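Take a look at the protein below. Keep the view open while you read this short report.

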Amino acid sequence: MNNWRNVLFVLVGSMLFFSACKTESKKEIQTKTITFTKEGELTISKSETDSIIARLDIEIAETDYETQTGLMYRESMEQKQGMLFIFPDVTHHSFYMKNTQFPLDIIYIDENLKIASFQKNAKPFDESGLPSEGPVKFVLEINAGLSDQWGLEVGDTVAYSRN
């Protein structure tokens with residue numbers, strides 16, 4: 001009789017244990033949407049005429065975390081917005097599109113605030129390196145196609161201000 005009680009006790013205990021495990025609710029992980037934060041304004045001008053080609057609201061990336069993350073994990077950016085990366089050094093810089101969900105034009109800018117080179121229509125999620133053609137201090141990321149739409153050229157000038 002004691003053996004049956006022990007077997008019954010083990011069976012009931014096991015059923016309670018396993019049913020408790022199954023009824024535990026799954027927790028949903030929610031991520032916060034990253035939104036644009038205007039930190040300054042930027043203008044791009046033709047080098048020969050000084051006429052303004054474009055005006056943008058910009059976010060500024062300066063810290064290691066900001067420059068490594070850039071526009072990752074964002075779904076889009078408005079046409080009159082961009083991200084300006086400011087580096088402490090003047091050297092060749094290379095970008096990639098890991099975890100970047102929309103195509104970009106990457107504009108490399110030298111220490112004199114002149115456009116030095118481009119990487120146009122960078123593809124979302126592509127981890128290939130997209131290097132500058134020479135040493136630069138700044139990089140501007142804008143929506144893909146805008147540099148052609150605006151007729152940007154190497155030598156055009158950039159000016160920016162912080163809020």
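## A first question

Is Glu-59 buried or exposed? Glu-59 has a relative accessible area of 9%. The cut-off for buried is under 20%, so Glu-59 counts as buried. Keep in mind that this is a predicted model.

## The overall plan

The protein has 3 helices and 9 strands. Read from the N terminus, its elements follow the order α-β-β-α-β-β-β-β-β-β-α-β. Of the 163 residues in the protein, 37% are buried.

Now consider contacts in the protein between residues at least 6 apart in sequence. Of these, 69% join residues at least 24 apart. The protein exposes about 10,600 Å². Carbon and sulfur atoms supply 53% of that area.

## Salt bridges across the chain

How many salt bridges are there? The count comes to 7. One of them is between Asp-57 and Lys-38, with the closest N and O atoms 3.3 Å apart. Asp-57 belongs to strand β2, and Lys-38 sits in the loop between α1 (2-23) and β1, so this pair ties together parts that are 19 residues apart in sequence. Asp-57 has a relative accessible area of 27%, so Asp-57 is partly exposed. Lys-38 is partly exposed too, at 35%.

Back to Glu-59. Its side chain meets that of Arg-74 in a salt bridge of 2.6 Å, N to O. Glu-59 is in strand β2, while Arg-74 is in the loop between α2 (64-69) and β3 (81-91), so the pair ties together parts 15 residues apart in sequence. Arg-74 is buried, with a relative accessible area of 8%. Salt bridges also build a network: Lys-38, Glu-41 and Asp-57 are joined into one by bridges that share partners.

Lys-46 forms a salt bridge with Asp-156. Their closest N and O atoms are 3.3 Å apart. This pair links distant parts of the chain, 110 residues apart. Lys-46 lies in the loop between β1 and β2. Asp-156 lies in the loop between α3 (146-149) and β9 (157-162). Are these two residues buried or exposed? Both Lys-46 and Asp-156 are buried.

## Around Ser-51

Where is Ser-51? Ser-51 is in the loop between β1 (40-45) and β2 (52-61). Its relative accessibility is 36%, so Ser-51 counts as partly exposed.

Which residues does Ser-51 touch, not counting those up to four places away in sequence? They are Ile-44, Ser-45 and Lys-46. Ser-51 also has a polar contact of 2.8 Å with Thr-49, side chain to side chain. Thr-157 is 106 residues from Ser-51 in sequence. In space, the two are 10.0 Å apart, C-alpha to C-alpha.

## A hairpin

Strands β5 (residues 104-109) and β6 (residues 115-122) run antiparallel. They are joined by 5 bridges. Which residue in β6 is the bridge partner of Tyr-108? The partner is Ser-117.

Together, β5 and β6 form a hairpin, with 5 residues between them. Look for Leu-113 in the turn: Leu-113 has a positive phi of about 65°. While you have the strands in view, recall a general point. In a regular strand, side chains alternate between the two faces of the sheet.

Key
Residues are numbered from 1 along each chain as its sequence is written. This is a predicted model: local features need pLDDT of at least 70, side-chain atom pairs count only at pLDDT 80 or more; totals for chains, interfaces and linings use all residues. Side-chain values use heavy atoms; hydrogens and water are left out. Helices (H or I, at least four residues) and strands (E, at least two) are DSSP runs, numbered from the N terminus. Buried means under 20% relative accessible area, exposed over 50%, partly exposed in between (1.4 Å probe, protein chains only). Contact means heavy atoms within 4.5 Å. A polar contact is a pair of N or O atoms within 3.5 Å; within protein, one must be able to donate a hydrogen and the other to accept it, and residues adjacent in sequence count only if both atoms are side-chain atoms. Two strands pair if DSSP finds at least two bridges between them. A salt bridge is a side-chain nitrogen of Lys or Arg within 4 Å of a carboxyl oxygen of Asp or Glu. Accessible areas come from the Shrake-Rupley method with a 1.4 Å probe; for residues, only the protein chains shown count as cover.
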